[in-house]
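Work through the exercises below with the sequence and the 3D view open beside you, and try each task before you read its solution.

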Amino acid sequence: MSGVTLSKAIKRFGDLQVIHGVDLEIEDGEFCVFVGPSGCGKSTLLRMIAGLEETTEGHISIGGRDVTRADPAERGVAMVFQTYALYPHMTVEENMGFGLKMTGTPKAEVKEKVTRAAEILQLQPYLKRKPKALSGGQRQRVAIGRAITRGPEVFLFDEPLSNLDAELRVEMRVEIARLHKEIGATMIYVTHDQVEAMTLADKIVVLRGGRVEQVGRPMQLYQNPDNVFVAGFIGSPGMNFLRGTVSGPGKVRVPALGDQEIKTGVPLPDMNTAVIVGLRPQDLGVHQAASPVTVELRERLGGVAYDYLNTPTGERIIVEIKGDEPIAAGAEVAVDFDRERVFFFDAENNRRLR
Amino acid sequence: MDNIAGTKSGLIWAVHITVAVLVALWLFPTVGLLVSSFRTADQISTSGWWAALFPAEINEVYRAAAPDDNRIAEGDRFVVAGNVFGQAGAKEVLVWGVSSRAIDAYRAGEVADLGDGETITLLADGTYEWRGNDDQISGRGQRMFVTAGAPPEFTTGNYSTVLFTEGSGGGMAKAFFNTLTVSIPATIIPILIASFAAYALAWMEFPGRALLIAAVVGLLVVPLQLALIPLLKLHLGIGIGKGYLGVWLAHTGFGLPLAIYLLRNYMVGLPRDIIENARVDGATDFQIFVRIILPLSFPALASFAIFQFLWTWNDLLVALVFLIDATGETTVMTKQIVELLGTRGGNWEILATAAFVSIAVPLLVFFVMQRYLVRGLLAGSVK
């Protein structure tokens with residue numbers, strides 16, 4: 001049992017409160033991703049779990065033990081840093097064995113564990129090298145290998161891929177996913193990249209301003225976001241938000257779409273109340289028709305293309321198009337969507353209406 | 001910067017000239033000192049040290065060996081042969097003559113005609129052959145005016161005088177080892193203390209840390225002369241007195257502010273992630289210090305070690321106050337040189353030799369460690 005539990009965790013730097021009472025339950029063996037814009041407190045939260053930042057209030061427990069005031073070394077965690085944080089004066093082998101050496105493990109056992117970790121990450125040819133002689137991807141693998149060698153209960157990753165180039169990032173992402181399957185340990189992973197979050201996570205924690213916005217499985221967050229922030233953050237390109245007003249029972253008028261009225265089954269507030277209408281680019285289509293909406297430009301990515309539409313209210317709509325039907329820039333188009341796949345949010349508190 | 005297109009400065013020649021001038025300024029006295037230390041007092045008083053590097057030209061008068069005893073008959077002619085220098089090649093004959101009015105009439109190897117078939121030949125290595133009839137090869141030996149080149153002549157006599165002669169003008173060997181006895185512990189002790197302090201000031205959180213750092217920076221500008229008398233009184237009061245322990249402690253104290261400041265600034269620039277990772281890895285502060293910080297701070301440690309060593313090696317003031325007593329057993333080289341200036345002020349060869357003995361070790365240290373010196377000085381400014 002090595003789940004991680006946070007209860008009412010609060011972090012203050014002096015008078016500045018950056019984490020506002022986070023409650024979180026991470027199961028044993030789960031891959032949990034903290035995601036959010038920069039400055040949302042996700043790294044701070046991770047460092048609190050690691051013990052590198054003191055928890056001002058609340059409790060953190062790992063595997064059932066309360067570790068709120070424990071030293072980093074006593075928590076049974078291993079951390080992988082964005083900058084790799086390899087010891088530059090030691091060889092790969094020494095780097096990987098350092099943690100075990102510090103805890104007084106016999107040499108033979110250290111060697112065996114280093115060898116096993118090196119096998120998992122295919123690092124055997126580099127064991128005698130210094131970090132300086134490794135590429136970025138290899139360094140990151142060594143950093144991960146160092147964590148594996150220690151055999152911790154919980155792995156902590158602090159934006160481990162953001163220093164790598166795009167191609168390597170994809171490669172390492174797959175590697176980390178494979179590693180999680182192989183080791184089966186609890187992993188907590190911080191990123192601002194929602195693609196990493198979606199592909200890796202068993203559970204995503206969306207954070208904003210030191211508060212948890214929503215916790216759930218990736219597809220659950222995608223299909224069933226709690227609020228405007230989560231809806232906009234998960235999914236790429238982000239969800240389109242249009243202003244609307246309730247124009248009758250079960251009807252919302254959207255000025256951006258030429259005062260089109262959308263029928264819906266969700267419980268709506270009173271007449272004339274402002275709501276936010278959310279439409280995923282993937283759920284939209286366009287066809288040429290007389291309409292106040294015009295195509296501004298089209299971005300072609302190969303398999304799909306994104307149409308950027310201008311609306312009379314100035315709001316932008318992005319539509320994902322499969323294939324490449326020739327619609328000229330500036331052409332008038334009508335927007336098609338399935339009304340089952342429209343999200344409505346309260347304009348006051350940004351909460352989902354459902 | 002060199003790789004950026006179009007930024008080659010037009011002032012590059014000014015840089016080159018400045019470098020050349022600096023090198024010359026530094027080399028001229030140093031090499032002069034070295035060369036002078038290998039010359040005799042006579043050589044120093046007759047020519048500059050630069051002349052010692054080239055063969056000296058000397059005008060000398062020689063006579064062929066007395067013909068009556070040395071001539072050898074060859075038929076009706078006689079030959080006197082020999083070497084003007086006594087042995088072949090001691091000097092080199094450049095030009096020569098047989099009359100005081102034309103001492104450069106012949107080059108080496110040429111035959112001088114003395115009239116009536118009498119000839120004399122002088123080779124470059126000084127071998128001569130004087131031929132003539134019975135009458136001509138008799139009486140006194142023929143005179144030869146020789147302009148000879150003497151090869152450069154050096155002596156190590158000054159060094160044996162300065163190093164090993166007891167009494168005035170000597171004893172540098174003892175002073176040399178005394179200076180080493182002062183310098184080495186006075187370098188190691190402050191580094192040991194300062195590196196611990198620097199780690200604490202850089203990476204351990206405790207109340208009053210900022211104030212302590214400010215105090216260290218403040219101490220940097222306090223002149224050490226302020227502390228000489230009170231410190232000596234303290235040493236005498238607690239029974240250390242004058243001696244090696246006292247001078248080690250004094251050098252340690254005077255060196256610590258700079259050492260702590262330099263090392264802290266270097267250590268604080270080490271990546272935080274590495275230290276945090278070591279902490280997560282279960283290393284204690286002491287283990288982090290020994291296994292991570294110390295190896296990574298090696299350039300800074302080395303550069304401070306060079307500073308401190310040079311400064312304690314060349315120190316006179318602190319040694320005079322805290323070390324040298326009436327017995328003179330613990331005299332250091334700087335003090336010895338001061339004494340030589342008094343007692344042997346005219347003997348430049350002695351002074352040059354003593355000076356070179358004292359700068360030899362700093363030179364060696366500098367050349368062996370200079371890359372750390374530069375790296376350490378730049379530490380923190382460039383990442």
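**Exercise 1.** In this predicted model, find which residues A:V33 is in contact with, once its neighbours within four places in sequence are left aside.

*Solution.* Begin at A:V33 and set aside the neighbours within four places in sequence; the contacts that remain are A:Y189, A:T191, A:A197, A:L200, A:A201, A:I204 and A:V205.

**Exercise 2.** Decide whether A:M219 is buried or exposed.

*Solution.* First locate A:M219, which belongs to helix 7 of chain A, covering residues 218–223. Then count the other C-beta atoms within 10 Å, which come to 11; because a residue with 12 or fewer is called exposed, A:M219 is exposed. As a further step, look at A:M198, which is 21 residues away from A:M219 along the chain, while their C-alpha atoms are separated by 7.8 Å.

**Exercise 3.** Describe how the two domains of chain A are placed and where they touch.

*Solution.* Start with the bounds, which are 4–233 for domain 1 and 240–346 for domain 2. The centres of these two domains, taken over C-alpha atoms, are 39 Å apart. Now turn to the contacts, in which four residues of domain 1 meet five residues of domain 2; on the domain 1 side, two residues are nonpolar, two are polar and none is charged.

Conventions:
Residues numbered from 1 in each chain as written. Chains lettered and ligands numbered in written order. Predicted model: local features only at pLDDT ≥ 70, side-chain atom pairs only at ≥ 80, totals over all residues. Helix = DSSP H or I, 4+ residues; strand = E, 2+ residues; numbered from the N terminus. Buried ≥ 20, exposed ≤ 12 C-beta atoms within 10 Å, placed from the backbone. Domains from an automatic or database assignment. Contact = placed C-beta atoms within 7 Å. Nonpolar A, V, L, I, M, F, W, Y, C, P; charged D, E, K, R; others polar.
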